Amino acid sequence: AGAVPLRRREPGFEGLCWIIVGQQVSPAAARSIYGRLQAGLHPLAPATVLAASDEAMRACGLSAPKIRALRALAEACATTLDLAALAEIDAEAAHAELCKVKGVGPWTADIFLLFCLGHADAWPAGDLALQEALRMALGLKTRPHARKTEKLAARWRPWRGVAARLLWAYYGVMKGRAGVVLAEREKI
């Protein structure tokens, strides 16, 4: 699959804000919106988000659901959620804590654990590119759904995050983006 990029982001509140902002938008749009958010709510911190008006957040390019998610995250971080402490517990427990925040779903939680905290066993089972990479790499007839990817990845514990990064790199190669194609594929 060629070089496997680490693609690490800042841990903590800003890192999770970046992931929420980037949900279901192009990378270019995410960078633009996030840049306006950082400039408009400086410093980007729970107290700043809680004090900002909806109008100020909309002016940054945020949708109503993303505003609600960022406010819920800010409230959780200001009261009960210690994002840094999540790096010290296992990925499943950290995932469960993050998913308690309204607007933070399984994909967001796992992407934060992987890219911001570096959890070696985080596995974003619902990621479509990861599912498609599994289909191609394992010679599956159809793209596996999230539950199936969980089963397939069980054998890679406690290094599922490493497998995810390798599979994303492989996906990039197969889509003609970079790297070297794998010589053979395992059939399951």
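Colleague: Quick one to start: which residues in H7 are buried?

Modeller: This is a predicted model, to be clear. In H7 the buried ones are Thr108, Ala109, Asp110, Ile111, Phe112, Leu113, Leu114 and Phe115.

Colleague: OK, and what does that say about how H7 sits relative to the rest of the structure?

Modeller: H7 is largely enclosed by the rest of the structure, because eight of its ten residues are buried.

Colleague: Which helices do those buried residues pack against?

Modeller: The buried residues of H7 pack against H1, against helix H6, which covers 91-99, and against helix H10, which covers 160-174.

Colleague: Let's take H1 then. At what angle do H1 and H7 pack?

Modeller: About 135 degrees, and the axes of the two helices are 10 Å apart. H1 here is residues 13-22. An angle over 145 would count as roughly antiparallel, so H1 and H7 are oblique to each other.

Colleague: Which residues make that contact?

Modeller: From H1 you have Gly15, Leu16, Ile19 and Ile20, and from H7 you have Trp107, Thr108, Ile111 and Phe112.

Colleague: Is the crossing of H1 and H7 left-handed or right-handed?

Modeller: Right-handed.

Colleague: And H1 with H5, how do those two lie, roughly parallel or roughly antiparallel?

Modeller: H5 is residues 64-79, and its axis crosses that of H1 at roughly 160 degrees, with the axes coming within 10 Å. H1 and H5 are therefore roughly antiparallel to each other. That crossing is right-handed.

Colleague: What does Trp18 touch?

Modeller: Leaving out residues up to four places away in sequence, Trp18 touches Arg9, Ala30, Arg31 and Tyr34. There's also a C-alpha separation of 9.7 Å between Trp18 and Gly35, which sit 17 residues apart along the chain.

Colleague: Changing topic: where is Asp121?

Modeller: Asp121 is in the loop between H7, residues 106-115, and helix H8, residues 128-138.

Colleague: Is Asp121 buried or exposed?

Modeller: Asp121 counts as buried, because its relative accessibility is 13%.

Colleague: What does its side chain join up with?

Modeller: The side chain of Asp121 makes a polar contact of 2.9 Å with the side chain of Arg157. Arg157 is also among the residues that Asp121 contacts beyond four places in sequence.

Colleague: Now zoom out for me. How many helices and strands are in the chain?

Modeller: Ten helices and zero strands. Read along the sequence, the pattern is α-α-α-α-α-α-α-α-α-α.

Colleague: What share of the chain is buried?

Modeller: Of the 188 residues, 44% are buried.

Colleague: Last one: what share of the contacts comes from residues 24 or more positions apart?

Modeller: Those account for 61% of the chain's contacts with a separation of 6 or more.

Conventions:
Residues numbered from 1 in each chain as written. Predicted model: local features only at pLDDT ≥ 70, side-chain atom pairs only at ≥ 80, totals over all residues. Heavy atoms only, no water. Helix = DSSP H or I, 4+ residues; strand = E, 2+ residues; numbered from the N terminus. Buried < 20%, exposed > 50% of the residue type's maximum accessible area, 1.4 Å probe, protein only. Contact = heavy atoms within 4.5 Å. Polar contact = N/O pair within 3.5 Å; in protein donor to acceptor, adjacent residues only side chain to side chain. Axes fitted to C-alpha atoms, helices over the stretch in contact; angles between N-to-C directions. Parallel < 35°, antiparallel > 145°, perpendicular 65-115°, else oblique. Left-handed = near helix turned anticlockwise from the far one by under 90°.
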